Amino acid sequence: MITKEQARQFILAKQGLIGDYRFVGQQGAYDYVRQAGCIQFDPIDVCGNNPALTLQSRVKGFRKQMLQDLLYKDRKLVDYADKELAIWPTEDWPYFSFYRERSRKLGETFDGLEELKEQAIAYIDENGPVNSDTLPLEGRIFWHSSMHWSGNWHGQSPAARSVLEQLYTDGELIIHHKKGSRKFYDLAAKHLPEHVLSAENPCKDETELLCWRVLRRIGAVGLLWDKNTTAFLGININAEKRKSILAKLTDEGKICPVTVEGIKTPFYYLAEDDALMKEVVSGQADLKPRMSFIAPLDPLMWDKALIASLWDFTYAWEIYVPAAKRKYGYYTLPILYGDRFVGRIEPVPDRKEGVLRVKGLWWEPKVRQTKKLNTALERTLREFGKFNDCTPMK
């Protein structure tokens with residue numbers, strides 16, 4: 001059995017949010033995404049979009065262009081479905097063949113779609129990257145989206161947009177680049193290695209694939225419990241199947257069970273992290289306090305019930321809450337300091353003036369505003385300002 005404090009420290013040490021920085025620069029950003037498996041994408045950019053915010057909290061010296069280069073220059077990362085729309089390592093492309101197969105089968109149910117797909121591929125092959133406004137396909141089609149993160153939406157959609165989305169989920173296209181929220185698509189074969197595109201799924205059946213995905217999500221968070229957790233979002237798994245897979249992974253020696261004081265539900269962590277667990281329990285882990293502003297959809301925040309149980313901290317992303325009903329702010333970020341959540345902050349870059357304004361700052365009730373805490377906040381705001389090409393206001 002471990003204490004709640006040890007559970008918190010293990011998760012933060014695993015994720016690179018406590019102690020000296022383990023991830024540095026562009027290579028560090030790539031290394032973190034490989035460790036997490038995926039980081040969730042959201043296009044809203046108030047002070048950095050969700051993937052960039054996720055990386056800035058862990059990667060020393062991270063700048064937004066680093067993620068763009070990894071995605072659209074080096075092609076080490078791709079945008080695709082996983083936990084909703086996500087960013088994950090290109091090397092994992094073969095594992096997601098099941099998404100592509102499902103997309104192609106669904107596409108076959110639409111009359112005339114195959115012909116439109118052929119026209120689109122021919123045009124893109126000759127003319128290069130397109131978006132839905134520049135692909136010359138006219139008309140509208142009745143659409144049942146095959147996009148995993150779009151649910152079972154039915155309706156009419158412009159033909160160009162529908163065909164691009166279909167080819168994207170088929171794996172024929174990838175996102176070439178983005179301008180704001182606008183996506184430009186190009187042929188995957190022009191940008192991804194043939195050995196990656198043609199590789200077979202390493203998992204021989206559905207159970208093996210589910211095991212791989214569950215293992216990956218445990219590694220992303222560090223410590224997950226046997227509950228219906230949103231950390232497994234995007235994985236088609238019920239309670240019975242989850243228990244079966246956790247038991248299988250335990251029997252195979254790939255995960256280790258552990259109990260946390262005061263919590264009946266068992267937790268699991270990767271067997272490869274057992275040395276880190278021993279360091280935390282023995283007091284030998286690097287737990288030097290660091291302050292970070294955490295993204296709303298950060299892997300640390302994937303299971304808010306787990307956060308409430310281990311940290312006694314409740315967080316709601318209020319971006320979709322009417323202004324009059326918000327308790328805090330439109331785009332408020334949790335403040336992590338050491339192994340505790342000490343508050344929340346709403347930083348808003350004024351890009352015209354080149355300054356970072358703090359629209360709101362709320363400390364947790366039991367937090368004492370010491371000189372050490374305020375110094376850490378000033379230092380974090382300076383780095384966050386640089387991340388947003390701004391200077392913090394005095």
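Guide: Let us begin with a term: a salt bridge is a side-chain nitrogen of Lys or Arg within 4 Å of a carboxyl oxygen of Asp or Glu. This is a predicted model, in which local features need pLDDT of at least 70 and side-chain atom pairs count only at pLDDT 80 or more, while totals for chains, interfaces and linings use all residues. Residues are numbered from 1 along each chain as its sequence is written, and side-chain values use heavy atoms, with hydrogens and water left out.

Visitor: How many salt bridges does the structure hold?

Guide: There are 25 salt bridges, among them one between the side chains of Asp 273 and Lys 14, at 3.0 Å from N to O.

Visitor: Are Asp 273 and Lys 14 buried or exposed?

Guide: Both Asp 273 and Lys 14 are buried, where buried means under 20% relative accessible area, exposed over 50% and partly exposed in between, with a 1.4 Å probe and protein chains only.

Visitor: And what about Lys 278, which residue does its side chain meet in a salt bridge?

Guide: Lys 278 meets Asp 274 at 2.4 Å, N to O. Lys 278 counts as exposed, at 52% relative accessibility, whereas Asp 274 is partly exposed at 23%.

Visitor: Changing topic, what is the strand order in the open sheet?

Guide: The five strands run E13-E14-E15-E16-E17, with mixed pairing; strands (E, at least two residues) are DSSP runs numbered from the N terminus, and two strands pair if DSSP finds at least two bridges between them.

Visitor: How many bridges join E15 to E16?

Guide: Eight bridges join these antiparallel strands, and the partner of Pro 347 in E16 is Val 358.

Note on methods
Helices (H or I, at least four residues) and strands (E, at least two) are DSSP runs, numbered from the N terminus.
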